[in-house]
Amino acid sequence: MRLLFAGTPEPAVPALRALLASEHEIVGVLTRPDARSGRGRGVRRSPVGQVADEAGIPVLTPATLRDREARAAIVDLAPDCCPVVAYGGMIPPDLLDVPAHGWINLHFSLLPAWRGAAPVQAAIEAGDEVTGASTFRIEEGLDTGPVFGVLTERIRPDDTASVLLDRLAEHGAELLTRTVDGVEAGALQAQPQSADGVSHAPKVTVDGARVRFDRPAVAVDRHIRAMTDAPGAWVPLGDARLKLGPVTVEAEPVGLAPGELHVTKRAVFVGTATAALRLGSVQPPGKKPMPAADWARGARIEDGTIIGVEQ
C-alpha cells in the first residue's frame, strides 16, 4: 500500500523504520514543524523527519492540518493508509476519509484504558502491573476508534516512563506493521472499544511533575518514575527547582517527617507519609545530574532540611 506516515518524537522512529523495511511504499512523512532545541537553540528537524530525510522521503511540516495547502499536499500523495504514532496534532474530520483504509494509530495503552497524550506516565503513576499498545482507526473522538490489535507488556518495578516507552515503541512497531499488512489483505476487522474501563491520561505538565513528600512512599516512587525523563520530577529548594531521579523505598531510617532529609556520607534519605526514600540522582539548576550524596555535600545541605512539603 501507499502509506503516509505521521509521527514526530523518538518513540515514533521504530515504527517508521519497520514500515520502511516492509513491502509497503512510504510516499511521504507528516511531522511537526522544525523547532528550536538544545543549548544553542538551533532549529532542528523532528526525529521522524530526520529519518525521512535520510531515506529520501518527502516531508510535510504544516503548523496545522486545517491549512488548505497541507490538505492539498496530502491528497496529492494519494495514500491508501496513514499510520500514525505520536504525531502531536489533530487530524481534521475532512482528512479522515482521504485514505481508503483510514488513519491507523499506534497508541501506547490497552484501550479504552488511558486515552490521551500521556498513557505510559499514567499507567506507571496508577500502579498498573500490565500495560501495552493498541492499533485503532482514528475517528473524531479522542482515541475512541475501533481497535485492530493489541499487545501486552508487564510494567517492571523499576520502570521509568522513558524506559517503558522505549520497549513499547519497539514492540509496537511490529504490531503496527502487522496491522497495516492485515488491513491490506482484508484479514483484519476493527472491533469497537468497550464502554467499560475507560480512563484518561492528559498531557503531563511541568507543574504536575512536582513531587510532594507528604504522600505515601509508594506513590512518590511511582510519581517520580512516571515523570522520568520528561518533564522531570522536581521539588522547590529555596528559589530554585531540584530535579529528582528515581528513588528507592527504604525500611530505615524511621521517624523522618514528610520531606525531612537525613544526610550521611554515602546517601540522602527523605521522609514521606509512610516509609523513607533514598534519593538517587539529583540535578540542581544549570548542572548535570549527580549522586544525591555528592549534591548534599557540595551544597552543604544540613540534616533535617525539609523539601517537597507545603509550608
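Contact, as the word is used here, means heavy atoms within 4.5 Å of one another. Helices (H or I, at least four residues) and strands (E, at least two) are DSSP runs, numbered from the N terminus. The model is a predicted one, in which local features need pLDDT of at least 70 and side-chain atom pairs count only at pLDDT 80 or more, while totals for chains, interfaces and linings use all residues. Residues are numbered from 1 along each chain as its sequence is written, and side-chain values use heavy atoms, with hydrogens and water left out.

The protein is assigned domain 1 (2-201) and domain 2 (207-306), bounds of this kind coming from an automatic or database domain assignment. Between the C-alpha centres of domain 1 and domain 2 there is a separation of 35 Å. Twelve residues from domain 1 and ten residues from domain 2 take part in the contact.

An α-helix has 3.6 residues a turn, so residues three or four places apart point the same way.

Rolling a probe the size of a water molecule over the atoms shows where empty space is left. The search uses a 1 Å grid over the protein atoms alone; a cavity is a set of points where a 1.4 Å probe fits but cannot get out, whereas a pocket is an open set with protein on both sides within 12 Å along at least five of seven lines, and lining residues have an atom within 4 Å of a point. Grid points are joined across faces, edges and corners, and a volume is the space filled by probe spheres set on the points.

The largest pocket holds about 1,500 Å³ of space. It is lined by 50 residues, and those closest to its centre are Ala86, Tyr87, Gly88, Gly116 and Ala117. At least two lining residues come from each of β3 (35-37), β6 (82-85), β7, α5 and α6 (161-185), and domain 1 and domain 2 each contribute at least three. By class, this lining comprises 27 nonpolar, twelve polar and eleven charged residues; Ala, Val, Leu, Ile, Met, Phe, Trp, Tyr, Cys and Pro count as nonpolar, Asp, Glu, Lys and Arg as charged, and the others, Gly among them, as polar. Ala86, in the loop between β6 and α4 (93-96), has a phi near 50 degrees, a positive value in a residue other than glycine, and is partly exposed at 35% relative accessibility.

The second largest pocket has a volume of about 170 Å³, and among its 13 lining residues Asp229, Lys243, Leu244, Gly245 and Gln283 lie nearest its centre. The largest share of this lining, three residues, comes from β16.

A further stretch is marked by a record: the unreviewed UniProt entry carries the annotation "binding site" for Ser109, Leu110, Leu111 and Pro112. Ser109 lies in the loop between β7 (103-107) and α5 (119-125). Is Ser109 buried or exposed? Ser109 is buried, because its relative accessible area is 0%, and beyond its neighbours within four places in sequence it is in contact with Trp114, Pro119, Thr131, Gly132, Ala133 and Ser134. Leu111, in the loop between β7 and α5, is also buried, with a relative accessible area of 12%; its contacts, with neighbours within four places in sequence again left aside, are Ser134, Phe136, Asp143, Val147 and Gln193.

The peptide bond that joins Leu111 and Pro112 is cis, with omega about 15 degrees. Another cis peptide bond runs from Glu252 to Pro253, with omega near -5 degrees, and Pro253 lies in the loop between β12 (248-250) and β13 (261-263).

Technical notes
UniProt positions renumbered as here; feature names shortened; annotations may be inferred. Buried < 20%, exposed > 50% of the residue type's maximum accessible area, 1.4 Å probe, protein only.
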